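I opened my notebook beside the viewer this morning. Here are my entries, in the order I made them.

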Amino acid sequence: FQQPARRQIGREPADSMRLRVFYGQSAAVVRWLLARSDGPTFFRFLEDSESEGSAGALRRHYRLESPAELEQAWLQTPAQIPEGPGDQASVAREVP
């Protein structure tokens, strides 16, 4: 993440490469969160993020204190290597 995800929501990156990186990072973070729990927990996290904010929802559902801690934990996880042309497991972790 160059910026916390919450600040990027609703903002479109300036060029198509940044947009692709943003979507790739978003998908990677979702997959990472799903790997730490399950689908129902993720959806409860999304609902609680709307009502109480992302920091509280991260604490409740993932035991992470803040979006910054989420970012650090995610960045420390090794990227996966794609298995084939349709596999999008590997994504860029930094915006050019």
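**Entry 1: Glu65**

I began with Glu65 and found that it touches Ala55 and Arg59, once residues up to four places away in sequence are left out; contact here means heavy atoms within 4.5 Å. Glu65 and Ala55 sit ten residues apart in sequence, and I read 6.4 Å between their C-alpha atoms. I placed Glu65 in the loop between α4 and α5. Helices in my notes are DSSP runs (H or I, at least four residues), and strands would be E runs of at least two, numbered from the N terminus. Glu65 is partly exposed, with a relative accessible area of 47%. My cut-offs are under 20% for buried, over 50% for exposed and partly exposed in between, with a 1.4 Å probe and protein chains only.

**Entry 2: ground rules**

I noted that this is a predicted model, where local features need pLDDT of at least 70, side-chain atom pairs count only at pLDDT 80 or more, and totals for chains, interfaces and linings use all residues. Residues are numbered from 1 along each chain as its sequence is written, and side-chain values use heavy atoms, with hydrogens and water left out.

**Entry 3: confidence**

I looked up pLDDT, the predictor's confidence in each residue, from 0 to 100. The protein chain has a mean of 77, and 67% of its residues reach 70 or more. Confidence is lowest in helix α1 (residues 5-8), at a mean of 53, and highest in α3, at 94. I flagged residues 86-96, where the pLDDT is below 50. That stretch still has 30 contacts in the model beyond near neighbours in sequence.

**Entry 4: Thr41**

Is Thr41 buried or exposed? I found it buried, with a relative accessible area of 11%. Thr41 belongs to helix α3 (residues 39-52). Setting aside neighbours within four places in sequence, Thr41 is in contact with His61 and Tyr62.

**Entry 5: the core**

I then turned to the largest nonpolar core, which has twelve residues, including Phe42, Phe45 and Tyr62. Such a core is a set of buried Ala, Val, Leu, Ile, Met, Phe, Trp, Tyr and Cys residues joined through side-chain atoms within 4.5 Å. Each of α2, α3, α4 (54-62) and α5 supplies at least two of the core residues, and α2 gives the most, with four.

**Entry 6: α2 on α5**

Last, I checked how helix α2 (residues 16-36) packs on helix α5 (residues 67-75): the angle is about 90° and the axes are 11 Å apart. That makes α2 roughly perpendicular to α5, a label I use for 65 to 115 degrees.

Note on methods:
Axes fitted to C-alpha atoms, helices over the stretch in contact; angles between N-to-C directions. Parallel < 35°, antiparallel > 145°, perpendicular 65-115°, else oblique.
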